[in-house]
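Open the structure in your viewer and keep the selection panel at hand. The stops below say what to select and what is there.

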Amino acid sequence: MERPKVIFLDAVGTLFGVKGSVGAVYSQIAEEFGVEISAETLNKTFIQSFQAASPPIFLYVEPQDIPQLEFEWWLGVVVQTFEQAGVIKKFSDFSTFFSEVYIHFGTAEPWFVYPDVVPALKNWRRMGIELGVLSNFDSRIYSVLQALGLREFFESITISTQSGAAKPDPKIFSMALEKHNCSPEKAWHIGDSIVEDYQGAKAAGLRGIWLNRGQQNKAESVDLKAASKS
């Protein structure tokens, strides 16, 4: 197999994951505000709210306005999460609660790096392969990667909120490729979503690799240790 010029990697679920669950983090911080709600309930309502939200794509806006739009997009998701859980009225100051949650997820605290990540990144770097992050994340990706000790490995970071497109749209793959002056057939994209990462990359002309992080069907999946030796 021909060695790629560039390997792009998804962020959440590929490079790093949430400690416990999103619901567990929300529940813990909510308790600090005097509101008790189970992590299980919040996980359920978060997934519903997140999937129901439009993709965080901001067209025809000034770059300096994007962080505020990201904040407002996530506020909508979290408000809906707690409304569906039936506890939003129990907060005396939901705005302050949300601000704390939002800042929290921009730090290293709620995240963990998968054990196969750093060895794979080091191996690819030794091989002279360029690396990029390609994610439907927001601007907090920069602080999170830095805090987790991963930022140094990547020559480029391409995120949906700054690109006007989200995976699996071919446009965001094209924008990432342009940063490396690379044609699609000379690039790989690795991620944990079959639709956004594997199918999206293939449709854009890249080699798509599905990274299994606990899914039951492993027929077309790999781990980063195996991918780094391909």
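**The pocket lining**

Start with the lining of the largest pocket: its residues divide into 23 nonpolar, 12 polar and eight charged. The model is predicted: local features need pLDDT of at least 70 and side-chain atom pairs count only at pLDDT 80 or more, while totals for chains, interfaces and linings use all residues. Residues are numbered from 1 along each chain as its sequence is written, and side-chain values use heavy atoms, with hydrogens and water left out.

The volume of the largest pocket is about 1,200 Å³. Select Val12, Phe46, Phe50, Trp74 and Asn136, which are the closest to the pocket centre of the 43 residues that line it. Two or more lining residues come from each of strand E2 (16–18), helix H1 (22–32), helix H2 (39–52), helix H3 (66–84), helix H4 (94–104) and helix H9 (194–203). Which element gives the most to the lining? It is H2, with five residues.

The terms behind these values are as follows. A pocket is an open set of points, on a 1 Å grid over the protein atoms alone, where a 1.4 Å probe fits, with protein on both sides within 12 Å along at least five of seven lines; lining residues have an atom within 4 Å of a point. Grid points are joined across faces, edges and corners, and the volume is the space filled by probe spheres set on the points. Helices (H or I, at least four residues) and strands (E, at least two) are DSSP runs, numbered from the N terminus.

**Aromatic pairs**

Next, show the rings of Phe, Tyr and Trp. Rings (for Trp, the six-membered one) pair if their centres lie within 6.5 Å; planes under 30 degrees apart count as stacked, over 60 as edge-to-face and the rest as tilted. The count comes to 23 aromatic pairs. Select Trp73 and Trp74: this pair is edge-to-face, 5.0 Å centre to centre with 85° between the planes. Trp73 counts as buried because its relative accessibility is 17%, and Trp74 is buried with a relative accessible area of 17%. Buried means under 20% relative accessible area, exposed over 50%, and partly exposed in between (1.4 Å probe, protein chains only).

Move to Phe98 and Tyr102, whose ring centres are 5.7 Å apart with planes at 40°, so the pair is tilted. Both lie in helix H4, four residues apart, about one turn of the helix. Both Phe98 and Tyr102 are buried.

Select Phe82 in helix H3. Is Phe82 buried or exposed? Phe82 is buried, with a relative accessible area of 0%. Beyond its neighbours within four places in sequence, Phe82 is in contact (heavy atoms within 4.5 Å) with residues including Tyr26, Ala30, Ile37, Leu42 and Phe97.

Then select Ser27 in helix H1. Ser27 is buried at a relative accessible area of 14%. Not counting residues up to four places away in sequence, Ser27 touches Ile37, Ser38, Ala39 and Leu42.

**Helix H9**

Now centre on H9. Its buried residues are Asp197, Tyr198, Gly200 and Ala201, and what covers them includes helix H8 (170–178), strand E6 (187–191) and strand E7 (207–211). At the N-terminal end, Ser193 caps H9 with a side-chain oxygen 3.5 Å from the backbone nitrogen of Val195. After H9 comes Gly205, with a positive phi near 95°.

Within H9, select Asp197, which is buried with a relative accessible area of 0%. The side chains of Asp197 and Lys167 are joined by a polar contact of 2.6 Å. A polar contact is a pair of N or O atoms within 3.5 Å; within protein, one must be able to donate a hydrogen and the other to accept it, and residues adjacent in sequence count only if both atoms are side-chain atoms. A polar atom of the Asp197 side chain also lies 3.2 Å from the backbone nitrogen of Asp192.

**Lys5**

Finish at Lys5, in the segment before strand E1 (6–9). Lys5 is partly exposed, with a relative accessible area of 30%. A polar atom of its side chain lies 2.9 Å from the backbone oxygen of His180. Leaving aside neighbours within four places in sequence, the contacts of Lys5 are Ile129, Glu130, His180, Asn181, Cys182 and Lys186.

Definitions and conventions:
Nonpolar A, V, L, I, M, F, W, Y, C, P; charged D, E, K, R; others polar.
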